Amino acid sequence: MRKHFLDNIRWVTVLLVLLYHVVYFYNNKGVFGGIGGWVDDPKAQPQDTIMYILYPWFMMLLFLVAGISSRYALQKSTKGQWLKKRTRQLLVPATIGLFVFQWMTGYFNTQIAGVAQGIPNQIASIPAGPVRYIACAFSGIGPLWFIQELWLFSLLLLLITALERDRLYNAVGRLLQASRGWSKPCRLLLTVAGGFLLIWAGAQGSIANPNPHSAQGLWNLYRPLAYLVPFLMGYYLFSRDSVQRFLSRYAYWLLVPAVAAGVALTCATWGEDNTAPLYLMHWSTNLYAWLAILSMLAAFKAWADRTSPFASYMTRSSYGIYIVHYLIIAAFGYMLKLYTPLPPVADYLILTAAVFTLSPALYELLRRIPFLRWAIFGIKKQSEQSDKN
């Protein structure tokens, strides 16, 4: 039986990613990758609140859901079949797709980086031809870091499960069985506290003060340990029906402290770079992230475990929308900021409207072209459902 609440979490989170990138693109908090805001004072753009609210948890949630889905998928297919499908759906778009589609995103990313550093047309310093094309392709990875890392986690999961042969999964089950004699508030507190400690421990895998001239910045960008922890938690713990049902009974109990923690964190750190390693390693950031993840799981299981025509469409299409959306953000955001006299509020509104309408339209166009749907989305047939997480 399909878990509609997991499908709904995926596509809703993808839509939040689109909204986040609109705000992120024009942020003035020093977050790498944006083109910059309109004022020098980092406390003067209230719309940047959206970054503080979303960034600590939404990608962790996607990895946790991916771990849950991996458990279900491996129960229905062999490991070889699963890896073959994952390779086509994840690795092909994250490698071949760079040279087929994402090089366009890379072109604008390079331009944007030049503007942010006060050096417009930075790409012009690269000789025209194959070298420039390759540079644009690799500069276009952008949001595809998620599917690159998810493919690597899939490989690692196969190695782990080959070694432990479900002994770890069964051990977690025995611990859950032993805790059933405890009161429900104690079990909820254990879930919150134990999960927080694991999430916080994973966040410590970042490098606090990276060397800007080394690969340490790339390590912090991918944050592999911070995302591997929720992925494995999804596979070994939250894939269980009993855990999902238990959380759903406490949706309100989890939503209230999650909202409170988000407000407190935003107020306490307003004006800081919310992607800085020390920010993401702090216990308060990780406590909020974990409460937000639990509240999303609980709320969607309790109130959104159903589907509709729109939800079914988004379930099929959100992965493709995620892959193409940043080209819309980069191209329109860059043009609006540099080449129009529009006020900031108009730039935000136009960019938001563009990414939420043109991203689905672009996906629908590209998925109908055989080679492009394979290279960009990892889809063999037009009718194939895009369920990649």
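**A first walk through the model**

Mentor: Start at Lys-301, which sits in helix H14 (residues 283-303). Helices here are DSSP runs of H or I, at least four residues long, numbered from the N terminus. This is a predicted model: local features need pLDDT of at least 70, side-chain atom pairs count only at pLDDT 80 or more, and totals for chains, interfaces and linings use all residues. Residues are numbered from 1 along each chain as its sequence is written, and side-chain values use heavy atoms, with hydrogens and water left out.

Trainee: Is Lys-301 buried or exposed?

Mentor: Lys-301 is buried, because its relative accessible area is 17%. Buried means under 20%, exposed over 50%, and partly exposed in between, with a 1.4 Å probe and protein chains only.

Trainee: What is Lys-301 in contact with?

Mentor: Phe-5, Gln-244, Arg-245 and Ser-248, leaving aside neighbours within four places in sequence. Contact means heavy atoms within 4.5 Å.

Trainee: New topic. How many residues are in the largest nonpolar core?

Mentor: That core has 113 residues. Trp-57, Met-59, Phe-146, Phe-238, Trp-290 and Leu-297 have the most contacts inside it. Helix H15 (residues 309-339) gives the most to this core, with 15 residues. A nonpolar core is a set of buried Ala, Val, Leu, Ile, Met, Phe, Trp, Tyr and Cys residues joined through side-chain atoms within 4.5 Å.

Trainee: And what does Leu-297 contact?

Mentor: Beyond its neighbours within four places in sequence, Leu-297 meets Phe-5, Ile-9, Leu-61, Leu-64, Phe-238 and Leu-247.

Trainee: Back to H15. Which residues does Ile-321 touch?

Mentor: Ile-321 lies in helix H15. Not counting residues up to four places away in sequence, Ile-321 touches Leu-18, Met-314, Ser-359, Pro-360 and Tyr-363. Its relative accessible area is 1%, so Ile-321 is buried.

Trainee: How far apart are Ile-321 and Ser-284?

Mentor: They are 37 residues apart in sequence and 32 Å apart in space, C-alpha to C-alpha.

Trainee: Cysteines next. How many disulfides does the structure hold?

Mentor: It holds 0 disulfides, counting pairs of cysteine sulfur atoms within 2.5 Å. Cys-136 is buried, with a relative accessible area of 4%. Cys-186 is partly exposed, at 43%.

Trainee: Last one. What kinds of residues line the largest pocket?

Mentor: The lining divides into 25 nonpolar, 13 polar and 2 charged residues. Ala, Val, Leu, Ile, Met, Phe, Trp, Tyr, Cys and Pro count as nonpolar, Asp, Glu, Lys and Arg as charged, and the others, Gly among them, as polar.

Notes:
Helix = DSSP H or I, 4+ residues; strand = E, 2+ residues; numbered from the N terminus.
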